[in-house]
Amino acid sequence: MRKLFSLLFVACVVAPSSAATFSITHFGTPPDAQAAIQYAADIWGGILVSDVPIKVSVSWSALGGAALGVTFPNGRKDFPNAPVSATWYASALANSIEHAELNPGEDDINVYLNSGTNWYLGTDGNTPAGQYDLVSIALHELGHGLGFVGLAKKVVSEGSFGLLQASDFAPLITTFPWPEQDTLPGIFDRFLTSTANGPLTFLNNPSNTLGTAITSNQVYFNGANALAANAGQNARVYAPSVFALGSSCVHLNEATFPAGNPNELMTPFSSAGQSNHWPGPICLGILRDIGWTLAPDVGVAEHHLPSVHLFPDPATSEITIITNNPGGKEPITVADAFGRVVLRTSNSRPIDVSGLDAGSYIARGQGGWVARFLKQ
Ligand SMILES: [Zn+2]
(Lines give C-alpha, C1' and ligand atoms only; values in the text may rest on other atoms or scores of the structure.)
Protein backbone atom coordinates (compact mmCIF):
# COMPACT_ATOMS: atom_id res chain seq x y z
CA MET A 1 0.00 0.00 0.00
CA ARG A 2 2.71 2.42 0.92
CA LYS A 3 4.41 1.95 -2.35
CA LEU A 4 1.16 2.21 -4.25
CA PHE A 5 0.33 5.50 -2.57
CA SER A 6 3.70 6.99 -3.23
CA LEU A 7 3.25 6.07 -6.86
CA LEU A 8 -0.14 7.74 -6.81
CA PHE A 9 1.41 10.87 -5.37
CA VAL A 10 3.96 10.95 -8.12
CA ALA A 11 1.27 10.40 -10.69
CA CYS A 12 -1.25 12.88 -9.35
CA VAL A 13 0.68 15.77 -7.91
CA VAL A 14 1.90 16.91 -11.26
CA ALA A 15 1.40 20.60 -10.82
CA PRO A 16 2.79 22.70 -13.65
CA SER A 17 6.08 23.85 -12.25
CA SER A 18 7.68 26.16 -14.78
CA ALA A 19 8.01 29.76 -13.69
CA ALA A 20 6.29 32.22 -16.00
CA THR A 21 8.58 33.89 -18.51
CA PHE A 22 7.98 37.15 -20.31
CA SER A 23 8.88 38.04 -23.86
CA ILE A 24 8.80 41.85 -24.04
CA THR A 25 8.86 43.94 -27.21
CA HIS A 26 9.60 47.62 -26.70
CA PHE A 27 8.53 50.64 -28.73
CA GLY A 28 10.55 53.70 -27.80
CA THR A 29 11.46 52.52 -24.30
CA PRO A 30 14.88 53.82 -23.16
CA PRO A 31 17.33 51.03 -22.20
CA ASP A 32 17.34 51.92 -18.47
CA ALA A 33 13.55 51.81 -18.46
CA GLN A 34 13.59 48.45 -20.25
CA ALA A 35 15.76 47.07 -17.45
CA ALA A 36 13.31 48.31 -14.78
CA ILE A 37 10.35 46.80 -16.65
CA GLN A 38 12.17 43.48 -17.01
CA TYR A 39 12.88 43.60 -13.27
CA ALA A 40 9.13 43.93 -12.63
CA ALA A 41 8.33 41.13 -15.08
CA ASP A 42 10.83 38.89 -13.30
CA ILE A 43 9.03 39.53 -9.99
CA TRP A 44 5.80 38.23 -11.58
CA GLY A 45 7.80 35.43 -13.18
CA GLY A 46 8.87 34.25 -9.73
CA ILE A 47 5.28 34.29 -8.48
CA LEU A 48 3.27 32.76 -11.30
CA VAL A 49 3.51 29.41 -13.02
CA SER A 50 2.97 29.07 -16.76
CA ASP A 51 4.22 26.79 -19.51
CA VAL A 52 3.54 29.46 -22.12
CA PRO A 53 5.74 32.56 -22.45
CA ILE A 54 3.79 35.77 -21.82
CA LYS A 55 4.12 38.16 -24.76
CA VAL A 56 4.13 41.82 -23.78
CA SER A 57 4.35 44.91 -25.94
CA VAL A 58 5.46 48.10 -24.15
CA SER A 59 4.93 51.51 -25.74
CA TRP A 60 6.80 54.44 -24.22
CA SER A 61 4.68 57.36 -25.28
CA ALA A 62 3.06 60.60 -24.17
CA LEU A 63 -0.22 59.89 -22.38
CA GLY A 64 -2.64 62.66 -21.60
CA GLY A 65 -3.30 63.88 -18.09
CA ALA A 66 -1.81 62.36 -14.98
CA ALA A 67 -1.87 58.75 -16.21
CA LEU A 68 1.29 56.82 -15.43
CA GLY A 69 0.34 53.79 -17.45
CA VAL A 70 -2.51 52.08 -19.29
CA THR A 71 -2.72 48.34 -19.94
CA PHE A 72 -4.82 46.23 -22.28
CA PRO A 73 -4.89 42.47 -21.79
CA ASN A 74 -5.77 40.25 -24.71
CA GLY A 75 -8.58 37.83 -23.86
CA ARG A 76 -9.89 34.35 -24.47
CA LYS A 77 -13.15 32.67 -23.42
CA ASP A 78 -14.58 29.14 -23.56
CA PHE A 79 -11.23 27.51 -24.25
CA PRO A 80 -11.19 23.72 -23.63
CA ASN A 81 -10.15 23.84 -19.96
CA ALA A 82 -11.79 27.15 -19.04
CA PRO A 83 -12.92 26.83 -15.39
CA VAL A 84 -15.98 29.05 -15.94
CA SER A 85 -17.79 29.22 -19.27
CA ALA A 86 -19.05 32.37 -21.01
CA THR A 87 -16.37 34.33 -19.18
CA TRP A 88 -13.32 36.24 -20.40
CA TYR A 89 -9.85 35.37 -19.17
CA ALA A 90 -6.73 37.42 -19.79
CA SER A 91 -4.97 35.42 -22.50
CA ALA A 92 -1.83 35.03 -20.37
CA LEU A 93 -4.00 33.35 -17.73
CA ALA A 94 -5.96 31.32 -20.31
CA ASN A 95 -2.69 30.03 -21.77
CA SER A 96 -1.40 29.04 -18.34
CA ILE A 97 -4.62 27.15 -17.55
CA GLU A 98 -4.66 25.49 -20.96
CA HIS A 99 -0.91 24.68 -20.93
CA ALA A 100 -0.97 25.74 -24.56
CA GLU A 101 -0.76 28.84 -26.68
CA LEU A 102 -4.33 29.90 -27.50
CA ASN A 103 -3.36 33.11 -29.29
CA PRO A 104 -0.36 32.39 -31.52
CA GLY A 105 0.98 35.50 -33.21
CA GLU A 106 -0.91 37.83 -30.85
CA ASP A 107 0.48 39.70 -27.86
CA ASP A 108 -1.00 38.89 -24.45
CA ILE A 109 -0.52 42.31 -22.91
CA ASN A 110 -0.12 45.85 -24.27
CA VAL A 111 1.33 48.34 -21.80
CA TYR A 112 1.51 52.07 -22.42
CA LEU A 113 3.82 53.98 -20.10
CA ASN A 114 3.83 57.77 -19.99
CA SER A 115 7.11 59.07 -21.39
CA GLY A 116 6.36 62.44 -19.77
CA THR A 117 6.47 61.09 -16.21
CA ASN A 118 9.43 61.91 -13.97
CA TRP A 119 10.43 58.25 -13.59
CA TYR A 120 12.87 56.67 -11.19
CA LEU A 121 14.54 53.95 -13.27
CA GLY A 122 16.54 52.31 -10.49
CA THR A 123 15.48 48.88 -9.25
CA ASP A 124 16.47 49.28 -5.59
CA GLY A 125 13.21 50.87 -4.44
CA ASN A 126 14.96 53.97 -3.11
CA THR A 127 12.71 56.32 -5.06
CA PRO A 128 13.74 59.97 -4.67
CA ALA A 129 11.10 62.55 -3.73
CA GLY A 130 9.22 63.78 -6.77
CA GLN A 131 9.92 60.71 -8.90
CA TYR A 132 7.74 57.71 -9.72
CA ASP A 133 9.20 54.25 -9.30
CA LEU A 134 8.99 52.52 -12.69
CA VAL A 135 9.40 49.03 -11.23
CA SER A 136 6.32 49.62 -9.03
CA ILE A 137 4.21 50.99 -11.87
CA ALA A 138 5.30 48.27 -14.31
CA LEU A 139 4.45 45.66 -11.65
CA HIS A 140 0.99 47.25 -11.28
CA GLU A 141 0.36 47.46 -15.03
CA LEU A 142 1.51 43.89 -15.65
CA GLY A 143 -0.83 42.85 -12.83
CA HIS A 144 -3.74 44.19 -14.88
CA GLY A 145 -2.42 42.42 -17.96
CA LEU A 146 -2.27 39.13 -16.07
CA GLY A 147 -5.96 39.31 -15.19
CA PHE A 148 -6.42 41.78 -12.34
CA VAL A 149 -8.91 43.51 -14.59
CA GLY A 150 -12.64 43.61 -15.30
CA LEU A 151 -14.99 44.62 -18.07
CA ALA A 152 -17.25 47.07 -16.22
CA LYS A 153 -18.49 50.22 -17.92
CA LYS A 154 -21.10 52.86 -17.19
CA VAL A 155 -22.80 55.11 -19.73
CA VAL A 156 -25.02 57.76 -18.11
CA SER A 157 -26.86 55.56 -15.59
CA GLU A 158 -26.54 52.20 -17.34
CA GLY A 159 -23.89 49.81 -16.08
CA SER A 160 -22.58 46.85 -18.03
CA PHE A 161 -20.02 44.08 -18.24
CA GLY A 162 -18.47 43.17 -21.58
CA LEU A 163 -19.46 46.20 -23.62
CA LEU A 164 -16.03 47.82 -23.76
CA GLN A 165 -15.15 49.02 -27.25
CA ALA A 166 -11.72 49.79 -28.67
CA SER A 167 -13.04 53.31 -29.36
CA ASP A 168 -13.55 53.86 -25.61
CA PHE A 169 -9.77 54.09 -25.32
CA ALA A 170 -8.88 56.04 -28.46
CA PRO A 171 -6.35 57.18 -29.49
CA LEU A 172 -4.66 54.20 -27.81
CA ILE A 173 -4.84 51.03 -29.86
CA THR A 174 -3.99 47.38 -29.26
CA THR A 175 -1.57 45.23 -31.24
CA PHE A 176 -4.11 42.37 -31.14
CA PRO A 177 -7.66 42.28 -32.52
CA TRP A 178 -10.07 43.77 -29.97
CA PRO A 179 -12.11 40.86 -28.58
CA GLU A 180 -15.86 41.26 -29.20
CA GLN A 181 -16.98 40.90 -25.61
CA ASP A 182 -20.65 40.02 -26.26
CA THR A 183 -21.78 41.39 -22.86
CA LEU A 184 -19.86 38.63 -21.10
CA PRO A 185 -18.01 39.45 -17.87
CA GLY A 186 -14.40 38.75 -17.07
CA ILE A 187 -13.49 36.11 -14.48
CA PHE A 188 -12.48 38.95 -12.11
CA ASP A 189 -16.01 40.42 -12.48
CA ARG A 190 -17.54 37.06 -11.49
CA PHE A 191 -16.23 37.62 -7.94
CA LEU A 192 -17.54 41.18 -7.51
CA THR A 193 -20.36 41.66 -5.06
CA SER A 194 -22.05 44.74 -3.65
CA THR A 195 -23.54 45.18 -0.22
CA ALA A 196 -26.98 46.02 -1.59
CA ASN A 197 -27.14 43.75 -4.63
CA GLY A 198 -25.03 40.65 -4.03
CA PRO A 199 -23.04 39.18 -6.95
CA LEU A 200 -22.88 41.84 -9.67
CA THR A 201 -22.89 39.35 -12.55
CA PHE A 202 -26.29 38.12 -11.34
CA LEU A 203 -27.82 41.52 -12.13
CA ASN A 204 -29.34 42.34 -15.51
CA ASN A 205 -26.58 43.31 -17.93
CA PRO A 206 -26.73 46.06 -18.99
CA SER A 207 -29.02 47.79 -16.49
CA ASN A 208 -29.39 50.84 -14.33
CA THR A 209 -29.30 48.57 -11.28
CA LEU A 210 -25.84 47.42 -12.33
CA GLY A 211 -24.90 51.04 -12.97
CA THR A 212 -25.90 51.99 -9.43
CA ALA A 213 -24.08 48.98 -7.96
CA ILE A 214 -20.72 49.69 -9.64
CA THR A 215 -20.76 53.24 -8.30
CA SER A 216 -22.04 52.35 -4.84
CA ASN A 217 -18.70 52.63 -3.02
CA GLN A 218 -19.59 49.20 -1.64
CA VAL A 219 -18.10 46.70 -4.07
CA TYR A 220 -16.06 43.75 -2.80
CA PHE A 221 -14.09 40.84 -4.24
CA ASN A 222 -15.38 37.69 -2.54
CA GLY A 223 -13.11 34.92 -3.79
CA ALA A 224 -12.11 32.37 -1.17
CA ASN A 225 -8.36 33.00 -1.46
CA ALA A 226 -8.71 36.78 -1.32
CA LEU A 227 -10.98 36.38 1.68
CA ALA A 228 -8.45 34.16 3.42
CA ALA A 229 -5.73 36.73 2.75
CA ASN A 230 -7.88 39.49 4.23
CA ALA A 231 -8.64 38.03 7.66
CA GLY A 232 -11.92 36.52 6.45
CA GLN A 233 -13.25 39.79 5.05
CA ASN A 234 -14.19 40.42 1.43
CA ALA A 235 -11.61 42.71 -0.14
CA ARG A 236 -12.94 46.19 -0.87
CA VAL A 237 -12.73 47.27 -4.49
CA TYR A 238 -12.46 50.83 -5.81
CA ALA A 239 -16.00 51.81 -6.88
CA PRO A 240 -16.37 55.57 -6.51
CA SER A 241 -19.71 57.36 -6.98
CA VAL A 242 -18.56 58.73 -10.34
CA PHE A 243 -17.55 55.86 -12.61
CA ALA A 244 -13.97 56.10 -13.89
CA LEU A 245 -13.41 53.92 -16.96
CA GLY A 246 -10.33 51.76 -16.53
CA SER A 247 -10.12 52.57 -12.82
CA SER A 248 -13.48 51.73 -11.22
CA CYS A 249 -13.98 48.06 -10.31
CA VAL A 250 -10.48 47.02 -11.47
CA HIS A 251 -8.51 48.12 -8.39
CA LEU A 252 -8.49 47.59 -4.66
CA ASN A 253 -9.95 50.55 -2.78
CA GLU A 254 -7.46 53.37 -2.27
CA ALA A 255 -8.64 54.47 1.19
CA THR A 256 -8.82 50.89 2.52
CA PHE A 257 -5.30 50.04 1.33
CA PRO A 258 -3.37 53.34 1.44
CA ALA A 259 0.33 53.88 0.78
CA GLY A 260 2.32 51.70 3.16
CA ASN A 261 -0.33 48.99 3.33
CA PRO A 262 1.01 45.64 2.03
CA ASN A 263 -1.92 45.48 -0.39
CA GLU A 264 -1.50 48.92 -1.94
CA LEU A 265 0.07 47.83 -5.26
CA MET A 266 -3.25 47.34 -7.06
CA THR A 267 -4.96 50.52 -5.81
CA PRO A 268 -5.71 53.20 -8.45
CA PHE A 269 -3.34 55.94 -7.30
CA SER A 270 0.41 56.04 -6.84
CA SER A 271 2.48 58.63 -5.03
CA ALA A 272 5.85 60.02 -6.00
CA GLY A 273 8.80 59.08 -3.81
CA GLN A 274 7.49 55.61 -2.99
CA SER A 275 8.01 52.07 -4.12
CA ASN A 276 6.28 48.73 -3.82
CA HIS A 277 7.83 45.65 -5.34
CA TRP A 278 5.42 42.97 -4.09
CA PRO A 279 1.74 42.45 -5.01
CA GLY A 280 0.64 41.75 -1.45
CA PRO A 281 -1.44 38.88 -0.04
CA ILE A 282 -4.88 40.02 -1.24
CA CYS A 283 -3.72 40.49 -4.83
CA LEU A 284 -2.08 37.07 -4.75
CA GLY A 285 -5.33 35.61 -3.37
CA ILE A 286 -7.28 37.28 -6.18
CA LEU A 287 -4.92 35.87 -8.79
CA ARG A 288 -5.43 32.39 -7.35
CA ASP A 289 -9.19 32.90 -7.26
CA ILE A 290 -9.29 33.79 -10.96
CA GLY A 291 -7.28 30.71 -11.86
CA TRP A 292 -3.55 31.37 -11.60
CA THR A 293 -1.23 28.75 -10.15
CA LEU A 294 1.32 30.33 -7.84
CA ALA A 295 4.84 29.06 -7.43
CA PRO A 296 5.01 26.73 -4.41
CA ASP A 297 7.11 29.06 -2.26
CA VAL A 298 4.94 32.14 -2.78
CA GLY A 299 2.53 33.46 -0.19
CA VAL A 300 1.87 32.72 3.44
CA ALA A 301 -0.60 29.89 2.98
CA GLU A 302 1.49 28.28 0.26
CA HIS A 303 4.37 27.24 2.49
CA HIS A 304 5.01 23.59 3.22
CA LEU A 305 1.81 22.33 1.67
CA PRO A 306 1.13 18.66 2.20
CA SER A 307 0.78 16.50 -0.87
CA VAL A 308 -2.81 16.02 -1.84
CA HIS A 309 -4.49 13.44 -4.04
CA LEU A 310 -8.16 13.86 -4.98
CA PHE A 311 -10.09 11.24 -6.95
CA PRO A 312 -12.08 10.56 -8.99
CA ASP A 313 -11.87 13.69 -11.10
CA PRO A 314 -14.28 14.31 -12.73
CA ALA A 315 -16.55 13.16 -9.90
CA THR A 316 -20.18 12.11 -10.00
CA SER A 317 -21.29 11.05 -6.51
CA GLU A 318 -18.35 11.25 -4.12
CA ILE A 319 -14.71 12.25 -3.89
CA THR A 320 -11.90 10.89 -1.79
CA ILE A 321 -9.03 13.10 -0.70
CA ILE A 322 -5.77 11.67 0.59
CA THR A 323 -3.11 13.92 2.03
CA ASN A 324 0.13 13.16 3.79
CA ASN A 325 -1.00 15.11 6.85
CA PRO A 326 0.17 13.22 9.94
CA GLY A 327 -3.33 13.22 11.44
CA GLY A 328 -4.94 12.06 8.23
CA LYS A 329 -8.31 13.70 8.70
CA GLU A 330 -9.06 17.41 8.90
CA PRO A 331 -11.92 19.85 8.24
CA ILE A 332 -12.43 20.37 4.51
CA THR A 333 -14.42 23.00 2.64
CA VAL A 334 -15.54 22.87 -0.96
CA ALA A 335 -16.10 26.14 -2.85
CA ASP A 336 -17.70 26.62 -6.24
CA ALA A 337 -16.16 28.46 -9.18
CA PHE A 338 -17.37 31.73 -7.69
CA GLY A 339 -15.49 31.05 -4.47
CA ARG A 340 -18.65 30.42 -2.45
CA VAL A 341 -18.38 27.64 0.10
CA VAL A 342 -20.99 25.01 -0.81
CA LEU A 343 -19.94 22.13 1.40
CA ARG A 344 -18.17 21.61 4.71
CA THR A 345 -17.13 18.35 6.28
CA SER A 346 -15.34 17.68 9.53
CA ASN A 347 -13.61 14.42 8.75
CA SER A 348 -15.76 12.23 6.55
CA ARG A 349 -14.10 10.28 3.73
CA PRO A 350 -15.25 9.87 1.09
CA ILE A 351 -17.15 13.13 0.69
CA ASP A 352 -20.64 13.04 -0.79
CA VAL A 353 -20.79 15.54 -3.67
CA SER A 354 -23.91 14.16 -5.33
CA GLY A 355 -25.87 17.26 -4.36
CA LEU A 356 -23.55 19.68 -6.13
CA ASP A 357 -24.36 21.18 -9.52
CA ALA A 358 -22.13 20.26 -12.45
CA GLY A 359 -19.11 22.54 -12.58
CA SER A 360 -15.63 23.11 -11.25
CA TYR A 361 -14.94 23.15 -7.52
CA ILE A 362 -12.07 23.79 -5.16
CA ALA A 363 -11.56 21.65 -2.06
CA ARG A 364 -9.47 23.20 0.68
CA GLY A 365 -8.03 21.65 3.81
CA GLN A 366 -7.20 23.16 7.15
CA GLY A 367 -3.52 22.62 6.41
CA GLY A 368 -3.74 25.05 3.50
CA TRP A 369 -3.76 22.57 0.61
CA VAL A 370 -6.02 23.16 -2.36
CA ALA A 371 -7.33 20.63 -4.89
CA ARG A 372 -9.56 21.33 -7.85
CA PHE A 373 -12.07 18.89 -9.28
CA LEU A 374 -14.88 18.77 -11.77
CA LYS A 375 -18.38 17.60 -10.83
CA GLN A 376 -20.32 16.01 -13.69
ZN1 LIG B 1 -4.31 50.27 -12.43
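1. Let's start with the surroundings of D108. In this predicted model, D108 touches P53, I54, K55, F72, P73, N74, S91, A92, N95 and N103, leaving aside residues up to four places away in sequence. D108 itself lies in the loop that runs between α3 (91–98) and β6 (109–114).

2. The charge on D108 deserves a look. D108 is buried but has no salt bridge. The nearest side chain of opposite charge is that of K55, 4.5 Å away, and a salt bridge would need a side-chain nitrogen within 4 Å of a carboxyl oxygen.

3. What does the side chain of D108 make a polar contact with? The partner is the side chain of N95, at 3.5 Å. N95 is also among the residues that D108 touches.

4. Next, helix α4. Spanning residues 134–145, α4 has 12 residues and reaches 16 Å from its first C-alpha to its last, close to the 16 Å expected. After α4 comes G147, whose phi is positive, near 130°.

5. Since 12 of the 12 residues of α4 are buried, the helix is largely enclosed by the rest of the structure. The buried residues include H140, E141 and H144, as well as L134, V135 and I137.

6. Finally, the chain as a whole. The chain holds seven helices and 21 strands, and 51% of its 376 residues count as buried. Of the contacts with a separation of 6 or more, 63% come from residues 24 or more positions apart. The accessible surface is about 16,200 Å², with 55% of that belonging to carbon and sulfur atoms.

Notes. Residues are numbered from 1 along each chain as its sequence is written. This is a predicted model: local features need pLDDT of at least 70, side-chain atom pairs count only at pLDDT 80 or more; totals for chains, interfaces and linings use all residues. Side-chain values use heavy atoms; hydrogens and water are left out. Helices (H or I, at least four residues) and strands (E, at least two) are DSSP runs, numbered from the N terminus. The expected span of a helix is 1.5 Å times one less than its number of residues. Buried means under 20% relative accessible area, exposed over 50%, partly exposed in between (1.4 Å probe, protein chains only). Contact means heavy atoms within 4.5 Å. Accessible areas come from the Shrake-Rupley method with a 1.4 Å probe; for residues, only the protein chains shown count as cover. Lys and Arg count as positive and Asp and Glu as negative; His and the chain ends are not counted. A polar contact is a pair of N or O atoms within 3.5 Å; within protein, one must be able to donate a hydrogen and the other to accept it, and residues adjacent in sequence count only if both atoms are side-chain atoms.
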